[in-house]
Amino acid sequence: MKKSVSEIPRLCPEWTDFNAHDPGITFLEMLMWLTEMQRYYLSQITESHLESYLRLIGTTVKTAEPAVILARFFSEENVAVKKETFFHIGDIPFRSADDMIVASDKPEIILCESGGVIVKQDLTPFKGWFFPLYFSSDNKKDINPMRAGFYSRTEIKVRLITQNGETECPAKDGTYGLYQSGFINISLPVEFDESTAFLRLDIISDSDFKLPSPSCFSSDIRELIQLDKKGHTLGTKGRVKENVSFFADIGQHKISAEVFKNIGGGKNAETPLEAFERFKAERLLPRAVSKEDYARMALETPGLRAELVNVFSKEAGKVSVCVKTADGCLRENEIKNLRKVLFEAKPAGTEIEILTPVIFSAKLVIDAKTDGWAGGRKLTEHIRDVFKPLEESMGALINMPGLFKNIASSPSVSEIKSIILRLGKGIELTEKDTVKLPEDGLLSLDEIMIQ
């Protein structure tokens, strides 16, 4: 309306009254209302319009996804269960993902000092079939899960051992060398002496490998998918709680089970608008790769559990990526996975260097008066808290005047005469010094001495 009124003097100079009582202004307001109404109706895009637009950009609305669970089965005798057999957990229908055998015998797991795992169980029901051994990772959440095309940290070889000798058994390892939770499906021969048979899993690694707890292995866990008889899914309504018990009659056999773990929570079908938002989020616009991008990719690399990453460049065209892992070293396969991720993203002509941190083992010597033994202990705890940010940052700036002031503020100390930080190689910092560690340098406060 304001724009229309501003055009009046140019289009009609003799029109001089622009107040609300002027009939021409009233007529303009009516036209503005009509235009607003037309724009409103033209902006009402229906779902059919959105679906057409989605097809134009080469995508579609995602359908609902079923919930997927792992269930632990129990039976007093061996029971064969066919694929797509139905189980009901409350009112929610689930199907078995594959043919399976519910065995009455439970495994005995023995860890060997030589780096192997022995599985003792009656293998008779699994002759000519596969023996599904489920491994549950000690980690509460599998970080940076492995996937096809990446290198596992270890390799598992399986042997069937009987009194007549041993046979190597093909195995499909969904754990990637006990890196994450998953199934190790072991193919067994049709004929063998089951009375003396047991399985041995040899774990081959180029480094020290800590064997998990025997309780991490199970042979009575199977996968179920939430689908009804028509193949429909309930989406998020198909989720079930862990540890819920349920029962089923398979022929003349009765088996019981309980929900062990939810591995897929189920998803509802997308709306067309949600599909548009997903498309925009997934679409990567061409841009330069930043230091933050390199750091994020390193932290998300499959098979690599990095604690700290620092990215820096000392010369044009060369990027250094420094990675700290929990045990302080990068193994060969971890470096391969990291290179695979970083090299696919780097611009042409850029050189990438992968490093591990240079650790500066430090000793802090303080000449201070504290309130007895308890005061010294509290001061030590305070110093640990003060130094923690420095120990969690590569290339940290060590500001001794600031540290001196912070430590002196502790209620447990009445006076500090001097403070010395020894970094090794003859390097000593006093309360007047400030030094910055190299970009790949990491401080480790190993000892605190209060005099």
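1. Which residues of helix α4 (residues 272–282) are buried? In this predicted model, the buried residues of α4 are P272, A275, F276 and R278. Viewed down the axis of α4, these buried residues fall within an arc of 165°, so they line one face of the helix. On the other side of α4, the exposed residues are L273, K280 and A281. The cover over the buried residues of α4 includes α3 (47–56).

2. The next point concerns aromatic rings. A pair of aromatic rings is described by the distance of the centres and the angle of the planes. Searching the whole structure gives 9 aromatic pairs. One of these involves Y134 and F260: the ring centres are 5.9 Å apart and the planes are at 85°, so this pair is edge-to-face. An angle over 60 degrees counts as edge-to-face. The two residues come from distant parts of the chain, since Y134 belongs to strand β8 (residues 130–135) and F260 to strand β17 (residues 253–267), 126 residues apart. Y134 is buried, and its relative accessible area is 3%.

3. What kind of pair do the rings of F135 and F217 make? Their centres lie 5.3 Å apart and their planes are at 50°, so the pair is tilted. F135 is in strand β8 and F217 in strand β14 (residues 217–218), so the pair ties together parts that are 82 residues apart in sequence. Both F135 and F217 are buried.

4. Strand β8 therefore holds a residue of each pair described above, with Y134 in the pair with F260 and F135 in the pair with F217.

5. Another group of rings should be noted. One aromatic cluster is formed by F73, F87 and F246.

6. Two lysines are placed over aromatic rings. The charged end of K120 sits over the ring of F198, at 6.0 Å from the ring centre. In the case of K340, the charged end sits over the ring of F150, 5.4 Å from its centre.

7. Where is S136 placed, and is S136 buried or exposed? S136 is in the loop between β8 and β9 (154–162). With a relative accessible area of 18%, S136 is buried, because the cut-off for buried is under 20%. Leaving aside residues up to four places away in sequence, S136 touches S181, C216, F260 and K261. One of these contacts, F260, is also the ring partner of Y134.

Notes. Residues numbered from 1 in each chain as written. Predicted model: local features only at pLDDT ≥ 70, side-chain atom pairs only at ≥ 80, totals over all residues. Heavy atoms only, no water. Buried < 20%, exposed > 50% of the residue type's maximum accessible area, 1.4 Å probe, protein only. Helix = DSSP H or I, 4+ residues; strand = E, 2+ residues; numbered from the N terminus. Arc of directions from axis to C-beta. Contact = heavy atoms within 4.5 Å. Phe/Tyr/Trp six-rings, centres within 6.5 Å; stacked < 30°, edge-to-face > 60°. Lys NZ or Arg CZ within 6 Å of the ring centre and 35° of its normal.
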